[in-house]
Amino acid sequence: GALVNPLDLHSYQALPHALLCVDPYGDIAWIEPHVPDALVQDVMARKGLVGDDVQVVQLKKGEFLMPGFIDTHTHAPQVPNMGAGQQYELLDWLENVTFPMESRFSDVDFARHTYKTVVRRVIDSGTTTCCYYGTLHVEATKVLADIIHEYGQRAFVGKCNMDRNSPDNYVEPSAEASVQGTKELLEHIRGLPPLTSPRPAHDTDRSQLVHPILTPRFAISCTSPLLTSLGQIAASDRSLRIQTHISENLSEIAFTKSLFPECSSYADVYDKHGLLRHNTVLAHAVHLEDEEIALLKERGCGISHCPTSNFNLRSGICKVGELLDRGIKVGLGTDVSGGFSPSILAAIQHASIASKVVSFQHQPGHAIAVPHHLFVNHSPLANKQLPIPALLHLATLGGAQVCDLQARVGSFAPGKAFDALLVSVSSAAGNPAVWGVEVDEALGIERGMGMSKEQHLERMLEAFMFCGDDRNISRVYVQGRVIGGKEWAASQP
Ligand code: GUN
Ligand code: FE
């Protein structure tokens with residue numbers, strides 16, 4: 001059937017008649033880009049695929065496959081707060097809305113009950129790989145990791161480190177206690193049972209779906225000794241990912257600088273503690289100074305662009321185009337509940353709007369008049385609206401790069417895991433906002449008039465990105481297994 005496959009920042013493949021083979025381990029064996037229906041059996045026979053153990057899935061009209069979304073930044077315990085607190089900016093929002101909710105996760109039963117609904121909702125929104133923050137509680141965060149493992153999502157899970165500037169009932173008693181809890185969580189997650197049929201592999205990115213991630217919440221909530229200890233844990237394991245917030249809000253930046261007067265910038269605080277490297281995920285990056293951008297590039301850090309949250313908490317607008325032009329890895333984050341939606345589709349929509357606002361600021365009175373398909377390949381993205389291929393990249397391959405999983409996920413290629421969405425934009429999906437198959441007729445596809453099949457598939461992708469929601473996500477695959485989606489939910493007892 002139809003397949004959408006991101007290639008890089010500037011291009012993606014739209015293949016109306018592709019044949020993709022998934023092996024018994026859930027990895028992609030091969031992709032034949034152009035196979036008419038009548039030739040499917042011939043191609044399979046040529047590839048040696050015969051017998052009862054081969055299952056063929058034929059997509060219907062209005063359906064296509066694309067790589068699963070990668071959410072590079074979200075807070076699982078804040079999902080119950082979605083849609084609350086938009087009147088605040090960051091520091092007041094943390095104090096009045098966020099910390100009170102997070103403190104409730106000292107109750108492990110509450111955590112279990114809540115996290116089940118959270119993870120289910122994130123999966124059904126089409127997120128196949130997710131970077132989760134838990135709370136500061138070790139037990140509740142173990143439960144979060146257990147649920148993600150049970151539901152079969154690919155994820156990074158961290159407990160927040162916070163030993164200062166936090167409420168009395170929601171703060172860790174010491175740096176030592178915070179480090180001890182972190183080590184306990186690392187051990188727990190690494191001890192989760194590996195995939196049932198893993199390819200023989202020494203690489204945990206292949207044998208495990210759930211991984212631990214160091215999560216110093218942000219510089220304000222961590223003492224220097226705590227950051228130093230976390231830097232030491234990181235130094236002992238290059239594959240251990242790190243996630244934190246950076247340069248989100250002006251008051252936050254000023255407070256950070258006052259806490260670390262010996263550091264030359266916000267980024268320098270993390271750098272001085274050994275926390276900036278190729279697998280560090282930095283959320284927001286709204287107000288970075290020039291030297292900070294250069295430092296992040298040198299260290300190979302990735303940025304999680306969280307436009308829904310940046311608008312909602314009035315933090316500002318990340319200059320994504322400029323970061324991309326400078327060769328920095330960028331993915332999308334929902335940042336629930338700074339962001340009010342768990343869906344990467346919302347992040348795509350708001351990333352588009354954010355880039356258009358930046359373009360207005362740089363060309364007052366000149367709305368961009370060039371349609372995206374006329375952009376010259378590899379034209380700079382700074383101060384321009386992000387074209388569709390760039391938005392798709394941010395949601396998939398870019399996110400994979402940010403969490404250092406580009407060898408496993410983010411696009412369809414032999415040897416990568418089959419992490420995918422079966423998208424339906426047909427009228428049967430029940431979302432009247434998205435064009436249905438009846439559009440085929442309106443555009444004369446059947447009669448060979450109007451758009452080509454490739455153009456029609458591009459049109460379906462754009463409609464899904466801007467008007468789609470979880471009603472249009474029929475199946476969510478991780479490592480070849482269906483773990484969610486509308487069709488999956490309907491099949492559950
Ligand atoms: N900075 C520190 N903690 C948080 C958080 O929970 N959300 C956001 N958006 N920024 C933060
Ligand atoms: Fe956040």
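I began by counting secondary structure and found 18 helices and 17 strands in the chain, where helices (H or I, at least four residues) and strands (E, at least two) are DSSP runs numbered from the N terminus. I then looked up the radius of gyration, taken over C-alpha atoms; the value is 22 Å, close to the 23 Å that the globule rule gives for 493 residues, so the chain is as compact as a globular protein of that length. That rule is 2.2 Å times the number of residues to the power 0.38.

I noted that this is a predicted model, in which local features need pLDDT of at least 70 and side-chain atom pairs count only at pLDDT 80 or more, while totals for chains, interfaces and linings use all residues. Residues are numbered from 1 along each chain as its sequence is written, with chains lettered from A and ligands numbered from 1 in the order in which they are written.

Next I looked up the domains, whose bounds come from an automatic or database domain assignment: domain 1 covers 2-66 + 420-491, and domain 2 covers 69-402. Their C-alpha centres lie 30 Å apart. The contact between them takes 24 residues from domain 1 and 28 residues from domain 2, two residues being in contact if their C-beta atoms, placed from the backbone, lie within 7 Å. On the side of domain 1 that touches domain 2, I listed β1 (2-8), β2 (11-15), α17 (453-467), β16 (473-478) and β17 (481-484) as each supplying at least two residues.

I turned to helix α3 (residues 108-124) and checked its length: its 17 residues should span 24 Å at 1.5 Å a residue, and its end C-alpha atoms are 24 Å apart, which agrees; the expected span is 1.5 Å times one less than the number of residues. In α3 I found Ala111, Thr114, Tyr115, Val118, Val119, Val122 and Ile123 buried, that is, with 20 or more other C-beta atoms within 10 Å of their own, C-beta atoms being placed from the backbone. The buried residues of α3 pack against β7 (127-133), α4 (138-151), β16 and β17. After α3 comes Gly126, with a positive phi near 100°.

Last, I looked up the surroundings of ligand 1, counting a residue as near if its C-beta atom, placed from the backbone, lies within 6 Å. The shell consists of His75, Leu90, Leu94, Thr98, Arg217, Phe218, His245, Glu248, Ser309, Asp335 and Gly338. Its largest share, 3 residues, comes from helix α2 (residues 90-103).

Terms used:
Buried ≥ 20, exposed ≤ 12 C-beta atoms within 10 Å, placed from the backbone.
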